[in-house]
Amino acid sequence: MKTLEAFGLHWDGEVYYQSRHVDIYNDIINDLQRNKLIYPCTCSRKTLTAASDRGQPQPDIYPGLCRNRQTLPDGPHALRIKTDNRIISFQDELQGLISHNLAKQDGDFIVKRKDRIVAYQFAVVIDDDLQHVNHIVRGFDLLDATPKQIYLQQLLGLLTPRYMHVPVIVDEQGYKLSKQTQATAVDLASPHRIIFALLVLLKQNPPIELQQAPVTELLGWAVEHWNPVLLKNAHTVSCDD
Ligand SMILES: [Zn+2]
């Protein structure tokens, strides 16, 4: 929140904390479980690797080992949602038409982890609906999550927002800049310099006179001149310094 404020990015309404909505997520999960759309899964990574060695074509696709279990497991287990063969399609504002078959490309996916944490996939779908989110702009690295979220929206009878997946910044090796790859946090001391650099990276061609402009002026320019066509189909942008 401090970072957003330093960058002149303000939010409307109260801050929404997922930790305060755990009961809502769990109620919906329980409903789906009663309707046999969600089932417990005790598979470990080891079990899944072994299954994939026995001829499962792609190790990342869940082969449905626990789908037809009749009794509830005693020990810790994850909860998976059943997928089907429907084609999930959406028109991404930058990446074009995306079509995805969850059953074939992912298999049944986890909505609640073994450690009882509700999966990101599931929580955000509920959050977006509760907050009436109608446009989602986020990094290209989350494009694969979108068909799962749209599937959940369809199951729960929720509206599907519009999506735009913008390129992520990568280093010289092609890795996304992130905490995991030890990228340094953004410097709060000179936000205008960073916003200017980002606008250049996002191919928005900010006029050089704006280089020293205050944050609000830069953002005002960016809103007025934002042209996503310049980024069409881009998955990454790379920073050299
Ligand atoms: Zn399983």
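Colleague: What covers the buried residues of H8?

Modeller: This is a predicted model, in which local features need pLDDT of at least 70, side-chain atom pairs count only at pLDDT 80 or more, and totals for chains, interfaces and linings use all residues. Residues are numbered from 1 along each chain as its sequence is written, and side-chain values use heavy atoms, with hydrogens and water left out. Helices (H or I, at least four residues) and strands (E, at least two) are DSSP runs, numbered from the N terminus. With contact meaning heavy atoms within 4.5 Å, the cover of the buried residues of H8 includes helix H1 (2-6) and H7.

Colleague: Within what arc do the buried residues of H8 fall?

Modeller: Buried means under 20% relative accessible area, exposed over 50%, and partly exposed in between (1.4 Å probe, protein chains only). In H8, the buried residues are Val-215, Leu-218, Leu-219, Trp-221 and Ala-222. They line one face of the helix, because seen down the axis of H8 (by the directions from the helix axis to the C-beta atoms) they fall within an arc of 160°.

Colleague: Is Asn-205 buried or exposed?

Modeller: Asn-205 sits in the loop between helix H7 (191-201) and helix H8 (215-225). Its phi is near 50°, a positive value in a residue other than glycine. Because its relative accessibility is 57%, Asn-205 counts as exposed.
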